[in-house]
Amino acid sequence: MVRRTAMSELTIHRGSHQIGGCCTEISAGEHRILIDFGANLPGTDGDAQTKDREMVQKVFGARQDGAVLFTHYHGDHYGLFKKVPPGVPMYIGPLAKNILRILVPYIDRDAPEKGSAIVEQMRTYEPVGNWMTPVPGIRVLPLYVDHSALDAYMFCIQAAGKTILFTGDFRNHGIAGQVERMERMVQKYVPKPVDLLVTEGTMLSRTGEVGDTLVRSEEDLGQRAEALFQTHKYNFVLVSSTNLDSIMEFYHSTPKGMHFVCDLYQARILLTAMRDMQEKRGFKEYRASKTHPTIRVLGKGDGRWAELREIRESMKYPVYCKAITKEELERDGFVVLARKNTHPDTYISPFDKLREKFLDKDGQIIYSMWKRYLEEEHADKDLLRFIGGHPYETLHTSGHAYVETIANLIDTVDPKWILPMHTERADEFASIPAFTRWKDRVKVLHDGQTLDLDEL
């Protein structure tokens, strides 16, 4: 049989049977888009079936064309961005780009290859409802969704006469997922029929985490945090600096009279997110707290203070930042957004100093990250070092869709075919009770396999 030279296909280069490290290609004739170009999750590259260096060769070794659409700013989705060949356009959300402007220089401090100039070249998506044509023959509608990374996108894609809905990472239990927002958005903007739904399934292998060990929503997290903060004077919260929904819940839950504290790096990310989310997207949860209109900041005066003032002055609902003294910390107590120290042999971080001084007095650690980072397989030695054997409270909610959320999306979209990815349970998808009524529609690919869109 002679292979056609102008086929329209979907290929999951990586991510069909693993979480993270994703890259999916959709082609229409000679043109293609790539959705995400992510690095393997920390600590997994050595054991991964396809290592990061092999991934770059796999996607761009033979052809250096197309366009790359990043769903969001988590490293397992954008992390290989420096390896995208010059001239290949990259797209990301406007707030996500602003966060990367702060995040990438921080990550690149010890990296020989810097990424800031590449971030500046990234193009940004238009507001919801505007179609774009990144390459001839493929139309894309970015749809803003709820995720633990702000400014995350689901894509409606039209190619080869077919409509594909690609979820990326999503959920509906965060701030942006309130009042059935996703369902209403999909019903309004996604044309019917949907030929193929490509859905993440991260939580399919983590169902045991949903229950007593995990709060189900960001709102639940805030309510439990408020109660926890009342029990100790000095509160250390270990949370990702870009998990802004949770950070806002911790901020608003800080007791009156106690200080909400972070460092300059975190303050820049926080104010950048608040400015965008309160004004452009209208989320009141991102406005300044009435009891804490001033965020207290660790760090000496430098150019970053000027940047904070500039951001504040451009905010519709300003939040103020002010340096905090050792005396205020000790006298009044605090909720501090702490981070691990990745260079303990050469650097003592301000969080290390606070921990040494206050944790044993009347302090507690609140752990708000994935629990497996503290377990053997994915153990993060720097996080474990910060905790140092002290007891800690786990207060974390997932950034990913629960089983019932995925089922609700399938019911809303009613796709002809369903393709799971970003999951360790792709082969079991059709047998999961919530999905069995659609079992005849489920297709499963392995990395590198292609799905002929013309035959859907």
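**View 1. Buried and exposed faces of helix 9 in the predicted model.** Helix 9 spans residues 303-313 and buries Trp305, Leu308, Ile311 and Arg312; buried denotes under 20% relative accessible area, exposed over 50%, and partly exposed the range in between (1.4 Å probe, protein chains only). These four residues lie on the same side of helix 9 because they cover an arc of only 120° around the axis, the arc being that of the directions from the helix axis to the C-beta atoms. Gly303, Glu310 and Glu313 are exposed on the face turned away from the buried side. Helix 8 (264-279), strand 14 (294-298) and strand 15 (320-323) pack against the buried residues, where contact means heavy atoms within 4.5 Å. Helices (H or I, at least four residues) and strands (E, at least two) are DSSP runs numbered from the N terminus.

The model is predicted: local features need pLDDT of at least 70, side-chain atom pairs count only at pLDDT 80 or more, and totals for chains, interfaces and linings use all residues. Residues are numbered from 1 along each chain as its sequence is written, and side-chain values use heavy atoms, with hydrogens and water left out.

**View 2. Helix 3 against helix 8.** The two axes come within 10 Å and cross at roughly 175°; axes are lines fitted to C-alpha atoms, for helices over the stretch in contact, and angles run from 0 to 180 degrees between N-to-C directions. Helix 3 is therefore roughly antiparallel to helix 8, a term for angles over 145 degrees. Leu95, Asn98, Ile102, Leu103 and Tyr106 of helix 3 meet residues of helix 8 including Tyr265, Arg268, Ile269 and Met277.

View 3. Three bridges join strand 1 (residues 9-14) to strand 20 in the antiparallel sense, and Leu10 has Leu451 as its bridge partner in strand 20.

**View 4. The hairpin of strand 7 and strand 8.** Strand 7 (residues 132-135) pairs with strand 8 (residues 138-145) over two antiparallel bridges. Met132 has Val140 as its bridge partner in strand 8. Two residues separate the strands, and Gly137 adopts a positive phi near 90° in this hairpin.

Technical notes. Two strands pair if DSSP finds at least two bridges between them. Angles under 35 degrees count as roughly parallel, over 145 as roughly antiparallel, 65 to 115 as roughly perpendicular and the rest as oblique.
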